[in-house]
Amino acid sequence: MPLIRTLLEQQEETLSPLAARSARSRGRVRPERPCAVRTDYVRDVGRILYSLDFRRLRHKTQVFFNPQNDHICTRMEHVLYVSYIANTIARALALNTDLVQAVSLAHDLGHTPFGHSGERTLSQCMAEADPGHPDARFEHERHSLRVADRLARRSGRELADLAAEAPGACPDAGPPGPGLNLTFEVRDGIVSHCGETYGEHVLVPDRDKSADSLGGAAAGRAMPATLEACVVRLVDKIAYVGRDIEDAVRAGIMEYEDIPPDLASTLGRSNADIIDTLVTDTIRSSLGQDAIRLSPERGQAMEQLLQENVTRIYRSARIARYEKTARNVVEGLFQALFQALSDPERMEASTNRVFRSFAAYRREQRYGPGDRPVQQVA
């Protein structure tokens with residue numbers, strides 16, 4: 001009987017000629033035996049879902065900091081929305097939905113708490129603590145790849161099971177070593193998802209990009225290598241442009257009636273309408289194209305609505321007060337941990353739970369001389 005994975009890979013041959021095929025993946029950093037019942041992309045989905053780093057997304061907020069309100073969007077909800085919307089588009093375009101799901105679920109694994117407020121503050125802390133270093137800044141796209149490649153850890157039991165792996169078995173733990181050892185296509189989609197490029201309406205994949213470029217300083221802004229990752233990059237904006245308005249209405253910052261009439265008539269007057277308009281337009285504009293695109297009218301309207309969100313929501317007085325809290329938390333933790341690194345033995349013996357946890361984390365990561373203190377704290 002043929003392997004189930006082989007049958008699934010054969011089914012992928014019915015996809016669009018422009019779609020990614022798991023059987024033609026550019027592989028993993030550390031080679032490993034294929035699974036008997038799952039394609040490589042499906043296997044990546046499992047590793048991401050079962051990682052502790054994915055679970056932490058449920059405690060990270062997007063724009064609004066309100067842990068008492070279950071209706072305010074969290075980072076985990078956001079990635080689930082991205083996965084659903086991106087799969088809707090990918091399925092209509094006959095692209096590889098397994099790859100889309102993996103990239104969608106993992107794209108924000110390295111995001112800070114407190115959304116982009118936390119990201120800006122952490123980046124500033126790194127620059128001040130390590131002035132002059134060419135890489136003394138924080139970008140959540142690149143850090144998400146760092147989480148997948150280096151920081152994500154598997155338990156000793158999982159690695160022991162792997163060592164005793166029987167032929168044909170396929171535990172999600174993956175091979176020994178740091179990180180999740182994901183495929184090139186998923187890693188590429190993670191680092192190049194860049195959801196803050198408001199004026200980007202047409203995404204053409206860079207199919208010739210090298211694996212070495214994924215860790216470069218410009219990796220977060222480079223175009224993805226696959227159409228599937230291009231879908232996720234566009235959908236990242238589609239998923240939050242209307243949802244942030246929905247949360248702002250719930251928080252009393254604005255009303256749906258505040259959406260400019262011309263944008264409301266082009267995109268819709270609710271989050272559901274906006275998503276439906278942009279998804280339908282993306283499918284129509286991208287059919288048969290080696291690109292993922294919005295029509296000029298809808299693309300410009302989405303860009304204008306995102307700029308409206310900047311003015312009405314992200315720069316509102318209430319968000320400014322929230323950002324002060326975020327800055328205080330991130331700066332306070334960063335400075336305390338950075339100073340603690342000057343005396344590691346004292347940190348190990350500290351009665352402070354945060355310092356002891358940081359000491360344990362450093363042991364777990366097996367940091368060496370090449371790991372800068374500022375990066376360890378980040």
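This is a predicted model: local features need pLDDT of at least 70, side-chain atom pairs count only at pLDDT 80 or more; totals for chains, interfaces and linings use all residues.
A salt bridge is a side-chain nitrogen of Lys or Arg within 4 Å of a carboxyl oxygen of Asp or Glu.

Residues are numbered from 1 along each chain as its sequence is written, and side-chain values use heavy atoms, with hydrogens and water left out.

**View 1. Arginine 21 and glutamate 13 meet in a salt bridge.** Side chains of opposite charge can pair when their charged atoms come close. For arginine 21 and glutamate 13 the N to O distance is 4.0 Å. To describe cover, we call a residue buried under 20% relative accessible area, exposed over 50% and partly exposed in between (1.4 Å probe, protein chains only). Arginine 21 is buried at 8% relative accessibility, whereas glutamate 13 is partly exposed at 40%.

**View 2. Aspartate 135 pairs with arginine 142, and aspartate 371 with arginine 146.** In the salt bridge of aspartate 135 and arginine 142, the closest N and O atoms are 2.9 Å apart. Aspartate 135 is partly exposed, with 24% relative accessibility, and arginine 142 is buried, with 17%. In the salt bridge of aspartate 371 and arginine 146, the closest N and O atoms are 4.0 Å apart. Aspartate 371 lies in the loop between α16 and α17 and arginine 146 in helix α7, so this pair ties together parts 225 residues apart in sequence. The helix names follow a simple rule: helices (H or I, at least four residues) and strands (E, at least two) are DSSP runs, numbered from the N terminus. Aspartate 371 is buried at 17%, while arginine 146 is partly exposed at 22%. Elsewhere, salt bridges that share partners join Arg28, Glu32, Asp40, Arg43, Asp44 and Arg47 into one network.

**View 3. Phenylalanine 114 and tyrosine 322 form an edge-to-face pair.** Rings of Phe, Tyr and Trp (its six-membered ring) pair if their centres lie within 6.5 Å; planes under 30 degrees apart count as stacked, over 60 as edge-to-face and the rest as tilted. The count by this rule is three aromatic pairs. Here the ring centres of phenylalanine 114 and tyrosine 322 are 6.4 Å apart and the planes stand at 65°, so the pair is edge-to-face. Phenylalanine 114 sits in the loop between α5 (97-106) and α6 (115-129) and tyrosine 322 in helix α14 (residues 317-340), so the pair links distant parts of the chain, 208 residues apart. Phenylalanine 114 is buried at 12%, and tyrosine 322 is buried at 9%.

**View 4. Phenylalanine 334 and phenylalanine 338 are stacked.** Their ring centres are 6.0 Å apart and their planes lie at 15°. Both residues belong to helix α14, four residues apart, which is about one turn of the helix. Phenylalanine 334 is buried at 5% relative accessibility, but phenylalanine 338 is partly exposed at 28%.

**View 5. Arginine 26 lies over the face of phenylalanine 184.** The distance to the ring centre is 3.9 Å. A charge sits over a ring if NZ of Lys or CZ of Arg is within 6 Å of the ring centre and within 35 degrees of the ring normal.

**View 6. Alanine 94 and arginine 366 have a positive phi.** Most residues other than glycine have a negative phi, and most peptide bonds are trans. Alanine 94 has a phi of about 60° and is found in the loop between α4 (75-92) and α5; alanine 94 is partly exposed at 27%. Arginine 366 has a phi of about 55° and is found in the loop between α16 (353-365) and α17 (373-377). With 69% relative accessibility, arginine 366 is exposed.

**View 7. Histidine 143 is buried in helix α7.** The helix spans residues 140-151, and histidine 143 has 11% relative accessibility. Contact means heavy atoms within 4.5 Å. Leaving aside neighbours within four places in sequence, histidine 143 is in contact with Gly110, Phe138, Leu151, Gln375 and Ala378.

**View 8. Helix α5 is mostly covered.** Seven of its ten residues are buried, among them Leu99, Val100 and Leu105. The buried residues of α5 pack against α2 (40-49), α3 (52-55), α4, α7, α9 (184-191) and α10 (227-250).
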